[in-house]
Amino acid sequence: MEILSLILNYLGAPILWLGILAVIFSYNQRVKKERKQFRVAINKDFFEGRIFIKYGLLFAIVSSVLAIITGITLPVQSIIIYQLIVVLACLLRGFSDISFLTSLFVFFMSGIFFSNELNLGKVFNDNTATNWLALVFVSFILEYLLIGSFKKESLTPELKKGKRGRKIVNYFGRQTTVFPMLILIPSGDMGQVMKFWPILNIGNHTFTLAVLPFLMSVGLKVTKYSKEESIKLKLKDVKLMSILALLAVIGSFITKDEMLAVSLIALMLIVDAYLTIKRRNKEKQIDTGYVQTDEGIRIIAVKPDTPAAKMNLHAGDTILTCNNIPVNTEDEFYRAIQKNAAYCHIKAKTYGGDLIIVESAIFKDSPHEIGLVLFR
């Protein structure tokens, strides 16, 4: 009965359904944009939904274990108000602008300025800010894992006109998941309302379990770095933020100062913004990019499960010759493919500048199904 109650509580959370709608919308927009720009859906696989479920299940287990083992306890009122803030932020600005750290900062600002007006006394009990700060540390660990999902999934290319008239392409990706995190709350908060709710005795205190619907949405933008380098740099920043969060939790726990914990949350928000701006400005200073080339023809994208994918070609690679014939346009490339109806031999230069030679069997009488999206 208790487990069923927790499940029903999570299934009724607006955050969960907003997350599901966001993932479906993201998939439809991606496919629509690809078909509009390139006349083909580069990747029809609904990997956004697969990641939503896969990482949601993983994060539910990891976050709940960490929260219960470390003894994170929150007043039930604070959980409810936090959810309301996240839902409102999603409706007003969309998932692309939502982060746990930002939502938490708004949450505490509302508590500081409107505590009396909104009767939020129970929201800010002793150690509440410290416990929320501990969840910031957990969120950065989970964000680190979610960023890793970009390594295997394709990003959406977007064509733009460069300064010198040549076309350039940028890449975007966003992964979203919502998962239930089990949180300890004082037993009196729920026990008086629902007698059947599970009660845990820890020391001289009694607690019950509540579900915190936790939303995570991570974006990745690739403009000049390679996809792998962009992921590496983003992971480096998240790793630094997780270390700062851990130090903040330790400092807040030792001092028992709730206002210090709130101040540390604000400081981390500033550091996080600084790291993002620094990373983007550094990327803008790079001369290279995914630009239409004069020598050879650059690959915009590679469709999965195609001959091109089997040849281990990647977005950003530049095809120099096909079947030993130099190519500089899309038409020249497909004419060169037809020199051999069943096999394709390609000499290319990777985005990093290394020369490679790859070859593979292709679909007979269907050269355009090799699986490459090229600059026109």
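User: Is Tyr 55 buried or exposed?
Analyst: This is a predicted model, so the call rests on computed accessibility. Buried means under 20% relative accessible area. Tyr 55 has 13%, so Tyr 55 is buried.

User: Which helix holds both Tyr 55 and Phe 59?
Analyst: The two residues sit four apart, about one turn of the helix. Both fall within residues 47-69. That is helix α3.

User: What is the relative accessibility of Phe 59, and is the residue buried or exposed?
Analyst: The cut-off for buried is under 20%. Phe 59 falls below it, so the residue is buried, at 0%.

User: How do the rings of Phe 59 and Phe 179 pack: stacked, tilted or edge-to-face?
Analyst: Their centres are 5.6 Å apart, and pairing requires centres within 6.5 Å. The planes meet at 80 degrees, and over 60 counts as edge-to-face. So the pair is edge-to-face.

User: How many residues apart are Phe 59 and Phe 179?
Analyst: Phe 59 is in helix α3, while Phe 179 is in strand β2, residues 167-186. The pair links distant parts of the chain. The separation is 120 residues.

User: Is Phe 179 buried or exposed?
Analyst: Its relative accessibility is 0%. Buried means under 20%, so Phe 179 is buried.

How values were computed: Residues numbered from 1 in each chain as written. Predicted model: local features only at pLDDT ≥ 70, side-chain atom pairs only at ≥ 80, totals over all residues. Heavy atoms only, no water. Buried < 20%, exposed > 50% of the residue type's maximum accessible area, 1.4 Å probe, protein only. Phe/Tyr/Trp six-rings, centres within 6.5 Å; stacked < 30°, edge-to-face > 60°.
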